[in-house]
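Colleague: I am new to this structure. Please show me how to read its features.

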Amino acid sequence: MTQTTEIPSTQFYAWKNYRCAYENYSPDVGEDRHSTPLLLIHPIGVGLSRRFWHRFCDDWCQSGCTNPIYNPDLLGCGESEMPHVAYTPADWAAQLQHFLQTVIQKPVTLVVQGALLPVALELVQLQTQPNLIQKLVLASPPAMALMTQATGTRKQKLTWNLLDSPLGAAFYLYARRPQFLSSFSTRQLFANTEQVDREWLDLLALGAANPASRHAVFSFLAGFWRQNYRDAIAAITQPTLVVMGDRASSISKNKQDTPERRLVDYLKCLPHGEGVKIAGRNVLPYESTSEFTATLAGFENTKLTVQ
């Protein structure tokens, strides 16, 4: 029977008078404690929080990797406070910048899941000397078209106002039902439907139990992350790994948006990018944990060639 890593106790820090939660996995491996830490950015969705990364964190530690892991809850998610505000990628990036400067206090490899890529891009832009981000790993990033076509401020605000209403609150009660979560996960997230199991659904149910968690989800659905980030992607100077599922799908209606096409689009734009496809769809750290862990470990073991 495979032994699992004990989940560290939740720790807290203050940002703008908000109480924010995180976990720190620190392997007890002597000199290797000085390995570059990983900073994880979880996705936003009904019930999603830092718990999304637990499978990966367990596999990372069990596989003998020595890099410490910092796994925070973004404001509005998990065990962080959930103020009734419209969250933007810039807000979450400012939270993580504070976390980097006051808690981690050393350079990291930034690992971001899915459509939270704009948060990572905003965080990279906040860096000054010394740069606290050494490498980036983009797990299942959105189609480039979604990352380069802004939806417009007016449309975003209208959508937010509609969702931030009694109608939206009622919708959230519906959306956190196990039947809905199972159907959505099967249709949009997983290649292997057997992975949409009790463990996954319990994770989502726990994260969605507090109705105030809807504000972060509605901020995401309102499209505040839908800006033109082409220049920001092209300005990344750090080595960047793009990990794409071989059955990756998108909300984009472009039939040419294949996993292969998506990888090519990112590698054309990234100055120092490399890409790889692994088995799975859109939640690779959870669905294809071992393969994702091995891919990231290989990237971490390569020497830095870009300053």
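Colleague: In helix α8, by how much of a helical turn are R198 and D202 separated?

Modeller: About one turn, because R198 and D202 are four residues apart in helix α8. Helices (H or I, at least four residues) and strands (E, at least two) are DSSP runs, numbered from the N terminus. This is a predicted model: local features need pLDDT of at least 70, side-chain atom pairs count only at pLDDT 80 or more, and totals for chains, interfaces and linings use all residues. Residues are numbered from 1 along each chain as its sequence is written, and side-chain values use heavy atoms, leaving out hydrogens and water.

Colleague: What joins the side chains of R198 and D202?

Modeller: Side chains of opposite charge can pair when their charged atoms come close. Here R198 and D202 meet in a salt bridge, 3.4 Å from N to O. The term means a side-chain nitrogen of Lys or Arg within 4 Å of a carboxyl oxygen of Asp or Glu. The structure holds ten salt bridges.

Colleague: Is R198 buried or exposed?

Modeller: Buried means under 20% relative accessible area, exposed over 50%, partly exposed in between (1.4 Å probe, protein chains only). R198 is exposed at 54%. D202 is partly exposed at 40%.

Colleague: Which parts does the pair of E199 and R55 tie together?

Modeller: Their salt bridge spans 3.1 Å, N to O. E199 lies in helix α8 and R55 in helix α1, so the pair ties together parts 144 residues apart in sequence. R55 also forms a salt bridge with D197, with the closest N and O atoms 3.9 Å apart.
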